[in-house]
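Please keep the sequence and the structure in view while reading.

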Amino acid sequence: MIKFKLCLLFFLFVYQVQGQVENTPIIKDEYFNFVNLSKFCEKLQTKYGIQIDVAKDVPMDEKISYWFNNISAAKGVQLALKGTPMVSYTDDLGVIHILLKSAKLNLNEFKFAKQSTKQPEKKNFKLNGRILDAVSGEPLPFSSVQILSSQLGAQANVDGQFTLLKVPSDTSSLLVKYLGYKTKTVYLTPGLDFNDFVIELDVAFGELDEVVVMGEKTEVMKANEEIGMYKITPRNIAKLPNVGEKDIFRAFQLLPGISAANQNSSGLYVRGGTPDQNLVIYDGFTVYYVDHLYGFFSAFNSNPIKDVQLFKGGFESKFGGRISSVMEITSKNGNSRKLSYSGDLSAMSANVMAEGPLGKKFTFLVAGRRSWAGPLYNKIADALKPSAQSNAPGGFGGGGGNRRFQSSTVASSYFYDLNAKVNFTPNAKDVYAFSFYMGNDNMDNSQNVTLPFGNRTGGLSNSDLSEWGNIGSSLKWSRNWNTKWYSNTLISYSNFHSNRDNTNQANFNRTNGTSQSVRFGSLENNDLKDFSFKSDIEGHVLTNHILGFGFQASYLNITYNYSQNDTLKIIDKVNKSLIVSAYLQDKMRLFNQKLEITPGLRVNYFGGTSQMYLEPRLSSQLYISKQFKLKGAVGQYVQFAKQVEREDILSGSRNFWVLADGKDLPVTTSFHAIFGGSYEKGDYLFDVEAYYKDIQNDTRYTLRFAPKIGAGLIASETFFNGTGTVHGIDFLLQKKFGNMTGWFGYTIAKSDKFIPMFSPNPFPSNFDVRHEFKWVGMYKYKRWDLSSTFLYATGKPYTSIIGGYSVTLLDGSVRDYTEPSSTNGNRFPAQHRLDVAATYNFIAGSLTLSIYNVYNRKNVWYKKFQTVVDPDTKDRYLSETDVNYLGFTPNLTLSIHF
Amino acid sequence: MKNIHLFLILLVISLSSCADLENGFVDNNPKPVVEAYLSPGTIVRMRVYKEIPYADVTSATTNKEMPIENLKITLKGPESSVQLTYKGEGLYQAPATFSIGVGKEYSMKFDYNGMAVSATTVIPAKPINYKADKDLITRQAIDISLGGGGLGGRPGGNFNEQSSLNLTWTNPNSDYFISVIENMESNPVEIVKFPVDPTRVRPDIRFRNEPIQGNTVAIRPQNFQYFGYHRVILFKLNPDYVALYKRNGNTTQNISTPPTTITNGLGIFTGVNSDTLKVRVIPE
């Protein structure tokens, strides 16, 4: 293994040196015979003007013998050190660095690593640059760069490009940061290209331990950059415990303000909001349904994803169409330096990814993932799938005594997704990207009723097919027009589709003589299409102002229909509408950079109601000192497309999308107010944010009040509107750096709904969790990454029953019924859970053992009520069963990349 | 601005009232559950019992379905009104003289726990042109009582569409129908002879389909479990009965109000009408 490391190290050196030799002069004839290293360096420095940087622990009395014979100094030094315990490396500036072979080094550290000794040539100039991953050349979106002397800084855009407006001189120093990467100090030197200044950052930990300097500072999760914002890079979540898939959404659930109380859902319940109130943008297009396997996993394969930002509230005017929160996901462009492959294999799924350059200006990435019907998949699918009796009495054979003759088989159930991207960078100013995503779930819980004798094919089939997923793509053009203006324009298409076929089929003759195939049971279909165009423009016109404005037009076409027994179309909705939005905002830095304030206004026209909707927003941060800042935000938010949760079916695709119509389904609006502060000292961050959210026109769908027996249901009798309020405080104490990192998160919150039809008084919302405590710890020890997470949450509210009864039907069979009690009037017991994981990293990958719910805590998911008959007394009792979340579940994941 | 004040106030309230655990339902008196099918030519019987209260599922005394005894139940028809007689175990019965007429409206009423419980229904017409395409079905007797290992040779019976028992009737208004097939033999013989096993539960003598709005249904021979004569009953239904087949939900995730037309009560009080055919299943 050590040999392998050395080889790799050597390879890197050769690779780097070959690229750099041009920077050093050619030495025609110089002979060193058994001289001390100190003498060797001194001569090269004095006679040839070569800059040599010798690491501290290098023995200066090491003897060198070498004849420079018409060779570059860099190459010569490299060859001269052969056979010694040292190696050399020449950086961009022609500085030759000598260090011990055994030293852990960061090759990239040498680039711009020395303070310039030259006199400055430029002052107060503009600097345009890009921040890239040092290994793959991948741009690092939203990375930050700061001028050390003035504390002025800038954030890179989605393409990793940034502009620093007023760099004091071309010998200034910059501090460059990106989550999951090592923070780097860059020393400017006169003569560099400041119009396309490329800064490369190294991954903080992970794949190549050899090039990592220990003790470097990096964060696993970044909070506090902007109000209500969290950032996690998918690279880091692989180290966290998982239950089959490393899941971005589940990683965010470990943060305060994002509830993890629904353990079977990867959905983002942000500050009392529902997942549909969270805008999920993937490479610029909206993704409407973001989960796999009944919501257990998020729909996104984390491997092709580069950056994820979550705004818990108070988000800026650039984002619209949702009332709670925003998650912005940026996928990787693909390695621009070499073709590379990677893959993971876990007890849940397999995934592969390929990325690389296509010529000089194109890069590509393609990643695919598919679940496989392993024991873990089956365990989760069995726990979540709709109950088998959901469509009983399923025609002849369903009731009655021949049930024993049935053999039911789950034909196939799986999910898959595909991510692809092609990036085209024709010049330093333009970037074009085509991104494609599709993900699908197929659930087949059909039962085939067959006779166990012989090879007869007789029998009936009961289908229960669910299929849902997304297809989306975007074509993006971003351009750095000049040092002042940057634009990002895209066209996109996004489709969400969900079909459920829970039927029995039979042939049927109508009175008019036509024959027809008729299905008993229910058929459900929801389809959403979103065609969008949007353009965001950013201007650095004035010092201390970043002006942002943009335009967005979306055409939404949503259909939803639900029919029963072919003849009863319960709901059949088709909504089409154009939504046109424009926004303007200005990020200002006032009072000597102490106050950052961003007023903004978003204006929307919604075709469904033919009305204008205004969303004024304001956020600000006040830097009291270097460590301490205060922050606040207020804003108005509207939502036109909403997801309605059905409570009449147990599982499967429980939600459907509809478009507001201004009548039964009014446009939902919310008001956010957030106030908080943060204190950062050394490796620690303490952050607190108090929030208040007021929601108007929140819609719930229920058949609970099914008013007319036997009649079709109409929207006004199944959709009920009300209001909601959420208030709470999120606390975060984070240890950001070091071998031991992690955080404590605590949220105290109250989320109420008031829907007059449900209850005359406000009642706790489904997601009302009073206390939620989370702990995340990650420890790095040599090649091992150990991590553990702990969750404690107050029990969620639920609607219980007043009582139960049963009715004997005409054929003598008995059916159970229950009568609901007050809405969400009860609470489940508190839940808690500990997960642990251990990852062993090796050169070509890692192996992770993860254990979910270590002490097998039985957390209640829901309660089930049934009447049971005592076989002796024939008395009928009401029984109550707790259905629990997943218990102890281990998983092993192997990740390989080459 | 107002909102910010409100926000601050609410914040204070939230901090000072964080331990409030809402207490759920109010356990009022259990509702009465009624079960009555009114059909021409049959004596009206009605079962009335208490909803099992959820108060304490572990209590053996209260967590139990209990009959409601000695109610004064009035049954009113278009011509007359009668009081039902209590027959024990929650069962009430009308006098044999009280007849049920097609298309007529009937209602019942009683007081329970100070509440007037009532319901009304109309008796549907008898199915018209109810016919079966055969009255004899053959099934191969199968004997697995001696181990059952050597099965699978010759397929028994024909399970294609042609051999199905096809029931037809007239249904111009898309009314609801359900068919129930019931073995009539006093000692029915099972088509499949199983090994002797006293713990084995014999197949039900009845089977049915779901309510449909069509005018035909095909019953496959393999649905029959017994040899002998069977009643093939076609019920014409009211929509309130059909609603019973809708899923009501029995978990805290999907509970909804159960379908009923009974005021201040639960269950079913509905008129049905039926026609009956006979079919005989014989060994091949």
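B:Leu165 has B:Ile219, in strand 17 of chain B, as its bridge partner. The model is a predicted one, in which local features need pLDDT of at least 70 and side-chain atom pairs count only at pLDDT 80 or more, while totals for chains, interfaces and linings use all residues. Residues are numbered from 1 along each chain as its sequence is written, and chains are lettered from A and ligands numbered from 1 in the order in which they are written.

Strand 13 (residues 165-170) of chain B pairs with strand 17 of chain B in the antiparallel sense, over four bridges; strands here are DSSP runs of E with at least two residues, helices are runs of H or I with at least four, and both are numbered from the N terminus. Two strands are said to pair if DSSP finds at least two bridges between them. Both strands belong to an open, antiparallel sheet of three strands with the order 10-13-17 in chain B. Strand 10 (128-132) and strand 17 (216-219) of chain B each have a single partner strand and stand at the edges, so one side of each is left without a neighbour in the sheet. From one strand to the next, the twist averages 10 degrees, where axes are lines fitted to C-alpha atoms, for helices over the stretch in contact, and angles run from 0 to 180 degrees between N-to-C directions.

## Two domains of chain B

Chain B is divided into domain 1 (32-122) and domain 2 (128-239 + 272-283), with bounds that come from an automatic or database domain assignment. Six residues from domain 1 of chain B and four residues from domain 2 of chain B take part in the contact between them, two residues being in contact if their C-beta atoms, placed from the backbone, lie within 7 Å.

## Chain A: overall content and a hairpin

Chain A holds seven helices and 54 strands, and 50% of its 898 residues count as buried. A residue is buried if 20 or more other C-beta atoms, placed from the backbone, lie within 10 Å of its own, exposed if 12 or fewer do, and partly exposed in between. Of the contacts in chain A with a separation of 6 or more, 64% are between residues 24 or more positions apart.

Strand 34 of chain A pairs with strand 35 (residues 611-623) of chain A in the antiparallel sense over 12 bridges, and A:Pro599 stands opposite A:Leu618 in strand 35. Four residues lie between the strands of this hairpin, in which A:Ser610 takes a positive phi near 55 degrees. Strand 34 (residues 595-606) has a covered face that includes A:Glu596, A:Arg602 and A:Phe606, and an uncovered one that includes A:Leu595, A:Ile597 and A:Val603.

## Covered and partly exposed places

Helix 3 (residues 73-80) of chain A is mostly covered, with six of its eight residues buried, among them A:Ala73, A:Val77 and A:Gln78. A:Asp53, in strand 2 (residues 52-54) of chain A, counts as partly exposed because it has 16 C-beta neighbours inside 10 Å. Not counting residues up to four places away in sequence, A:Asp53 touches A:Val95 and A:His97.

The largest nonpolar core has 78 residues, and A:Ile248 and A:Phe252 have the most contacts inside it; such a core is a set of buried Ala, Val, Leu, Ile, Met, Phe, Trp, Tyr and Cys residues joined through C-beta atoms within 7 Å. Apart from it lies another core, of 68 residues, including B:Ile100 and B:Leu244.
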